[in-house]
Amino acid sequence: MGLSTRYGWFAAGLIALSPANAWWSLLPVHMMAYTAAGCALMIAAFRAFEQMRRVRGSLLAIAAGILIAGMPSSYAPWAILLGTPLLVASTLFVLTRKASLRPRLVAVGITAGAAVVFGLGTLWENRAGLSAMTGTVYPGGRRSIAEPQPFGQIFDAPHLWQLLRSVPSGINSSELSTSFTVLFFVAALLFAVSWRAGGWLQRIPELTMACWAALWLAWMTLPLGEWSRSFPLFSLIPPYRVSQVIGMVAVVLVALLLARMRGDGTWRLALTAGIACGAVTVYAGELLRSSELPDLTVEASFTSAALVAFAVIVLVKFPHRVWPLTLICVLALIPVVRVNPVIAGVGDLRASSTAEWVANQAATVRESGKLWASNDPALNTLLLANGIPSLSGLQRSGPNLEAWRRLDPSGAESVNWNRGGGYIFFSWTPGAPTKWDNNDFDAVGVAIDPCTLGRAWPELDRILSTEPVTASCLTLDHQMIWQDKQVFVYGVRL
């Protein structure tokens with residue numbers, strides 16, 4: 001947007017190094033990056049049209065639309081939360097330039113047209129899966145209400161290096177991870193001292209980001225009750241999902257505000273921002289020590305807070321120096337550098353003797369139209385990696401209603417199985433009636449007699465179990481070791 005390439009790289013680096021991005025296997029950046037690239041190309045297209053370079057401008061605008069078109073087909077809560085403010089801010093930025101009206105409208109129009117064509121085309125191509133997903137109890141039927149999130153979890157990012165040393169209590173590492181939400185305090189102070197500087201049209205990008213952030217901060221901090229479930233758009237995004245990534249919006253907002261500063265900041269402003277962020281961080285750390293991160297020591301909590309305070313002070317005091325930006329990115333790297341190790345190949349999933357045995361069966365299973373099933377998530381991964389069609393494991397789109405009706409003809413258990421985007425788990429219970437379970441989200445559990453499953457699915461050829469199973473329809477075919485567990489492979493013969 002013509003402000004600062006340096007702060008563009010800074011924002012990109014800090015978002016990429018956010019704990020939420022690391023612990024969610026780079027998913028938030030995946031939600032954000034294509035939209036950001038599309039917005040940048042739309043602005044570049046406007047510049048080209050302004051210079052009468054129509055072919056270049058058209059190609060850039062079409063490319064921008066193709067990139068932006070991915071938003072509707074991404075994970076909706078984060079695609080909306082992270083992509084929308086970038087798109088709105090960039091569009092308003094182009095439309096409010098002082099150039100003639102034609103290049104502004106042409107750049108936005110071609111971009112929008114390409115985005116609509118390719119976006120709707122993608123949705124149409126995947127209409128069966130989308131239809132199945134929207135008809136589910138979860139996530140299709142999920143509607144959230146505005147409710148406060150735990151203070152410690154909202155501002156926990158500087159303390160999450162602890163996740164490399166211990167497992168959190170009562171929550172997994174991904175769900176606990178956030179971005180640098182504490183930067184909203186810096187943004188508020190920068191706005192307070194600079195709100196009169198420049199015209200409002202020149203400040204549309206940061207005003208857009210600030211207004212968007214304010215709405216979602218309210219959604220995750222105010223107890224609005226059941227009536228908020230009827231809010232369009234907002235009810236589609238659970239407040240805890242907001243708290244995990246809203247700090248990325250804070251990063252972009254602070255980068256825009258600092259890039260617009262003229263000269264160094266005052267010591268009063270820098271110290272106020274640093275002390276405020278340090279106090280919030282240490283308070284969050286103390287809350288985490290009594291809840292999700294009991295292994296976090298007092299010394300470690302105060303050290304993290306002190307580093308945050310120092311980083312913010314030098315950032316605000318010296319906004320046009322390179323070393324504060326570099327220091328902050330190095331500090332941000334430390335907690336996440338070992339979260340996603342670089343792995344070449346798929347290791348034991350394809351190279352071990354167990355995997356080789358499974359892989360040797362795969363072609364025959366597929367050609368004969370047979371299916372396997374297991375009672376263990378690690379075994380489900382093994383089957384998937386080696387091309388074995390399986391009843392258990394991943395269910396990434398919505399459920400196949402006809403298939404589930406084989407086990408539940410009346411649909412009485414649809415609240416358990418009508419879920420998408422998740423996993424199917426079996427447990428083998430010979431001679432017992434079938435029982436259903438769910439985790440309130442995306443996992444379907446079925447405790448079932450293997451013979452009952454075989455009668456519902458005549459294609460079922462083998463089941464895998466981490467424990468011996470005795471049933472009239474089962475014949476032990478093979479034994480193997482997987483993840484240090486004995487695995488029994490039974491043929492199903494009815």
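This is a chat about the predicted model shown above.

Student: What should I know before reading the numbers?
Tutor: This is a predicted model, in which local features need pLDDT of at least 70, side-chain atom pairs count only at pLDDT 80 or more, and totals for chains, interfaces and linings use all residues. Residues are numbered from 1 along each chain as its sequence is written, and side-chain values use heavy atoms, with hydrogens and water left out.

Student: OK. How many helices and strands does the protein have?
Tutor: There are 21 helices and 8 strands. Helices (H or I, at least four residues) and strands (E, at least two) are DSSP runs, numbered from the N terminus.

Student: And what box do the C-alpha atoms fill?
Tutor: Roughly 80 × 60 × 50 Å, taken along the principal axes. The accessible surface comes to about 23,200 Å², and 62% of that belongs to carbon and sulfur atoms. Such areas come from the Shrake-Rupley method with a 1.4 Å probe; for residues, only the protein chains shown count as cover.

Student: What share of the residues is buried?
Tutor: Of the 494 residues, 50% are buried. Buried means under 20% relative accessible area, exposed means over 50%, and partly exposed is in between (1.4 Å probe, protein chains only).

Student: Let's do cysteines. How many disulfides are there?
Tutor: The count is 1 disulfide, where a disulfide is a pair of cysteine sulfur atoms within 2.5 Å. C451 is joined to C473, with 2.1 Å from S to S.

Student: What does that pair tie together?
Tutor: C451 is in helix α21 (residues 450-456) and C473 is in the loop between β6 (460-465) and β7 (474-482), so the link ties together parts that are 22 residues apart in sequence.

Student: Are those two cysteines buried or exposed?
Tutor: C451 is buried, at 5% relative accessibility. C473 is buried too, at 3%.

Student: Which hand does the link have?
Tutor: The link of C451 and C473 is left-handed, with -100° about the S-S bond.

Student: When do two strands pair, and how many bridges join β2 to β3?
Tutor: Two strands pair if DSSP finds at least two bridges between them. β2 and β3 run antiparallel and are joined by 3 bridges. One of the residues involved is Q395, whose bridge partner in β3 is G422.

Student: How many join β3 to β5?
Tutor: 6 bridges, between β3 (residues 422-428) and β5 (residues 443-448), and these strands run parallel. I424 stands opposite V444 in β5, and F425 stands opposite G445 in β5.

Student: Now a helix. How many residues are in α11?
Tutor: Helix α11 (residues 204-219) has 16 residues. From first C-alpha to last it reaches 23 Å, close to the 22 Å expected at 1.5 Å a residue. The expected span is 1.5 Å times one less than the number of residues.

Student: Which of its residues are buried, and what covers them?
Tutor: The buried residues of α11 are I204, P205, E206, T208, M209, W212, A213, W216 and W219. Their cover includes α5 (76-95), α10 (183-194) and α12 (239-259).

Student: Who is in contact with A79?
Tutor: A79 has its place in helix α5 and is buried, at 3% relative accessibility. Leaving aside neighbours within four places in sequence, A79 is in contact with M31, M71, S74 and T84. Contact means heavy atoms within 4.5 Å. A79 and M31 are 48 residues apart in sequence and 5.2 Å apart in space, C-alpha to C-alpha.

Student: Last one: where is T122?
Tutor: T122 is in helix α6 (residues 101-125) and is partly exposed, with a relative accessible area of 28%. T122 and L82 are 40 residues apart in sequence and 20 Å apart in space, C-alpha to C-alpha.
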